[in-house]
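Q: I'm new to this one and would like to learn how to read it piece by piece. Could we go through it together?

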Amino acid sequence: MSTLKTAAQFFAVRTLLRGYALIGDPYAKVITSPPNTDPYPMYENVRAKGDMVRSRMGAYVTTSREICDSVLRDSRFLTMTFDEASMVPITLVKDGEKIVNPVQDSFLMMNPPDHTRLRKLVQPFFTPRALKDRSESIQKIVAKYLDGLDGHFDVVTEFASQVPMQVIADLLGVPDDDKPTFARWGSALAETLDGVWSHKQLKDLHATIIEYNDFIDGLMDERRRNPQDDIVSYLVTQHADLSREDLVATTGLLLFAGFETTVNLIGNGVLKAFENPHTVAPLAQSPEYAEGFVEEVLRLDPPVQYTLRWPKERLELAGVSLPKGMPVMLMLAAANRDPRVFKDPLKFDPTRSNAREHLAFSAGIHYCIGAGLSRIEGAIALHELFKRFPNLAPDGAVKRRRSKLIRGALQLPVRANETKRSLAVN
């Protein structure tokens, strides 16, 4: 596809989406909303229109927790990427060969049997026993980065991003010198998960993925020669029959899933603590309270806001006849606020008895493989942060991610002193 033709298509899609958004189309309004827009009033407007709302973009949108959970568990629905839904076909190539996209080409976006086969390979690293064994190392990592903080700092760039990056890099066997580059790749990929909507974004994605492919090729070659106790070594030595594409995509997914979700969980958790100061003392005092705090952050302000599915056959869903291939946008963040499931759903309550019924980690066969690890990291990080800095307070404007799919802060300046002041956040 020529550069000129690609740019023209991006412009046409943006124009179409903005036009539909102006007349209230739910899908278009979510996709085109500015980065600092609070999305939750938009979700509630959709909820007020019913459980299944038709979009002019050729899709249905739902805020119902029951419907979202049902679709995620229904084998008649297949995964669908936002690239497939963006109406601009994108193929990334280098020297005439396809470049592996570590998210879009991973088992996250696959359906059985490929999804089952690849997920099973890395599942042993995320069992409850494996995670329990890793808890002590997470405690040490958290303490290490807290020791480097004092006075004024950015809680995202200097803490929330550092902890999960160290954890997942150690798990994958990434050398220390390469960890900052891994973090940059993860952030770049996060910005494009809900589709590529400009030629510049496409160019940046292309450059990032080429860098990532080259790095992983080198790391896999090194681990074949010198295996270590890490996932990459395990995959290249114990499953040598795996294709290069599967190896690159699987390690890339673990990087993204192990990094981006937890970064945003911690950052969103700090914001919720600032908005609900009565939770800070028990959060700092009790690791068990911290676990409930994390669940309530995941419910009320999850890192992943929505996902897409499409039926592989004509079927009925909540009284609506869906033709084969009709996309359904599952508004997970809105489903987590469904008043039919969660009493007083807008209230932040870390002691909520059914908070774990949220869909922040999806459900069914695509339930996040790193959910347990993310929960442990989030609880330890938030507990230790406020234990170390009980008077932590905002110290400047919050800069949000541009992605509509991934919700979190890019920058969150704070100070550790006795004086607190209010922070306006969306």
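Q: How are α10 and α11 oriented to each other?
A: Two packed helices are described by the angle between their axes and the distance between the axes. This is a predicted model, and in it the axes of α10 (residues 179-190) and α11 (residues 199-225) come within 10 Å and cross at roughly 140°. An angle has to be over 145 degrees to count as roughly antiparallel, so α10 and α11 are oblique to each other. Their crossing is left-handed.

Q: Which residues of α10 and α11 meet?
A: From α10 you have Phe182, Arg184, Trp185, Ala188 and Leu189. On the α11 side they meet Leu205, Thr208, Ile209, Glu211, Tyr212, Phe215 and Ile216. Sorted by class, this contact of α10 with α11 has nine nonpolar, one polar and two charged residues.

Q: Now sheets. What is the order of the strands in the open sheet of five?
A: Read across this sheet, the strands go β1-β2-β10-β7-β3, and the pairing is mixed. At the edges sit β1 (53-55) and β3 (77-79), each pairing on one side only. On average, neighbouring strands of the sheet are turned by 35° against each other, ignoring direction.

Q: How many bridges pair β7 with β10?
A: Three bridges, in the antiparallel sense, between β7 (residues 307-311) and β10 (residues 328-330). If you want one to look for, Thr307 has Leu330 in β10 as its bridge partner.

Q: What is the order in the open sheet of three strands?
A: That one runs β6-β14-β11, with antiparallel pairing. Its edge strands are β6 (152-154) and β11 (392-394), which each pair on one side only. Three bridges join β11 to β14 (residues 413-416), and Pro394 has Val414 in β14 as its bridge partner.

Q: What about the backbone itself: which phi and which peptide bonds do most residues have?
A: Most residues other than glycine have a negative phi, and most peptide bonds are trans. Here, the peptide bond from Pro112 to Pro113 is cis, with omega near 5°. You'll find Pro113 in the loop between β5 (97-98) and α6 (114-122).

Q: Where is Asp344 found, and what is its phi?
A: Asp344 lies in the loop between α16 (332-335) and α17 (371-388). Its phi is positive, about 50°, although Asp344 is not a glycine. With 47% relative accessibility, Asp344 counts as partly exposed.

Q: And Ser362, is that residue buried or exposed?
A: Buried means under 20% relative accessible area, so Ser362, at 13%, counts as buried. Ser362 also has its place in the loop between α16 and α17. This residue is not a glycine either, yet its phi is positive, about 70°.

Methods: Residues numbered from 1 in each chain as written. Predicted model: local features only at pLDDT ≥ 70, side-chain atom pairs only at ≥ 80, totals over all residues. Heavy atoms only, no water. Axes fitted to C-alpha atoms, helices over the stretch in contact; angles between N-to-C directions. Helix = DSSP H or I, 4+ residues; strand = E, 2+ residues; numbered from the N terminus. Parallel < 35°, antiparallel > 145°, perpendicular 65-115°, else oblique. Left-handed = near helix turned anticlockwise from the far one by under 90°. Contact = heavy atoms within 4.5 Å. Nonpolar A, V, L, I, M, F, W, Y, C, P; charged D, E, K, R; others polar. Buried < 20%, exposed > 50% of the residue type's maximum accessible area, 1.4 Å probe, protein only. Pairing = 2+ DSSP bridges.
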